Amino acid sequence: MDLDVFVSAHRAEWDRLDTLLRRQRRLTGPEVDELVVLYQRTATHLSLIQSSAPDPQLTGRLTQLVARARSAVTGARRASWRDATRFLTHGFPAAVYRSRHWWVPTALLSIALAAVIGWWIGTHPEVQSSIAAPSELRDLTRPGGEYETYYSSHPAASFAAQVWTNNAQAAAMCLVLGAFLCLPVIWILFQNMLNLGVGIGLMSSADRLDTFLGLVIPHGLLELTAVFVAAGTGLRLGWTLIAPGPRTRRTAMAEEGRAALGMAIGLALVLLISGAIEGFVTPSGLPTWARIGIGIAAEAAFLVYVYVLGGRAAREGETGDVEEHERSATVPTAA
């Protein structure tokens, strides 16, 4: 394609489109029709130039022109409370439900790994001695030791905020790093299970496993579930890159990536709840059965939320992706 001839032939259309977009007054009916036709033609011209004779300056100008025209044609749309409500009742639970075949096995394998690590440490004194000196281990596991005072060492509000921030960052890293062929997600998950297994092993060796579980279960059920969901979704995202299925790799990654981004927001809210439990319930003076009951109730509520609301929304076709009119438009390729 002769680029100079092509530009000469269509410059007037581009200039006319630019003029219509700059109009301050409301366009008339014929002008709106003309705007739509010129937008479609310019999008086609941009596609042809990108594929046949890419010119950075011209491509940049037409890209901006097409973007402005698309905004004018489709209209600006502001997020509303209706969008937030739909996200919380349809998009987020459906995305979590659709990922259940990834995060449920991830949860079961991770818990089994933590249990094995805990058993190994708890039954092998030589492993315990490699972790820390005997005096340090006693300080960790004794009544009133560091494992117990950890949850009440700071004011409840600031501690809850710190816990929420750390857990939200871990969940976001699992979601984002899943695109790197799953390996970083596996490493992050292993580190979390290693820390849990060490606590189980050391406290069980001191015959205080019941105390440890009484401190971990109230917030840990919901917190770990959120981490498992993030890890499972990250693994799914990485597998999509390897095996996108019938979709193109680009389309599959775009769809799953947008859903994962929405899940990051939803999981941040879930972790906010678990952080509040960890900051205010775990170190409270409530009986152990009451604290554990609150944790079980929060976990049960989340699972009902996912499997009832999310399952229903998924069966209705909800995927957790943004609505169709908010996705990138497909640029026409035929003149």
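Over residues 212-238 the chain is 100% helix and 0% strand, with the end C-alpha atoms 35 Å apart; helices (H or I, at least four residues) and strands (E, at least two) are DSSP runs, numbered from the N terminus. The model is a predicted one, in which local features need pLDDT of at least 70 and side-chain atom pairs count only at pLDDT 80 or more, while totals for chains, interfaces and linings use all residues. Residues are numbered from 1 along each chain as its sequence is written, and side-chain values use heavy atoms, with hydrogens and water left out.

The unreviewed UniProt entry places the feature "transmembrane region" at residues 102-121, 170-190, 212-238, 259-277 and 289-308; such annotations may be inferred rather than shown by experiment. Residues 289-308 are likewise 100% helix and 0% strand, and their end C-alpha atoms lie 27 Å apart.

Two helix pairs are tabulated here, with axes being lines fitted to C-alpha atoms over the stretch in contact and angles running from 0 to 180 degrees between N-to-C directions.

| Pair | Angle | Axis distance |
|---|---|---|
| H1 (residues 3-22) and H3 (residues 56-74) | about 35° | 11 Å |
| H5 (residues 100-122) and H11 (residues 209-242) | about 120° | 8 Å |

H5 and H11 are therefore oblique to each other, a class left over once angles under 35 degrees count as roughly parallel, over 145 as roughly antiparallel and 65 to 115 as roughly perpendicular. In their contact (heavy atoms within 4.5 Å), Trp102, Trp103 and Thr106 are among the residues of H5, and Phe228, Arg236 and Trp239 are among those of H11.
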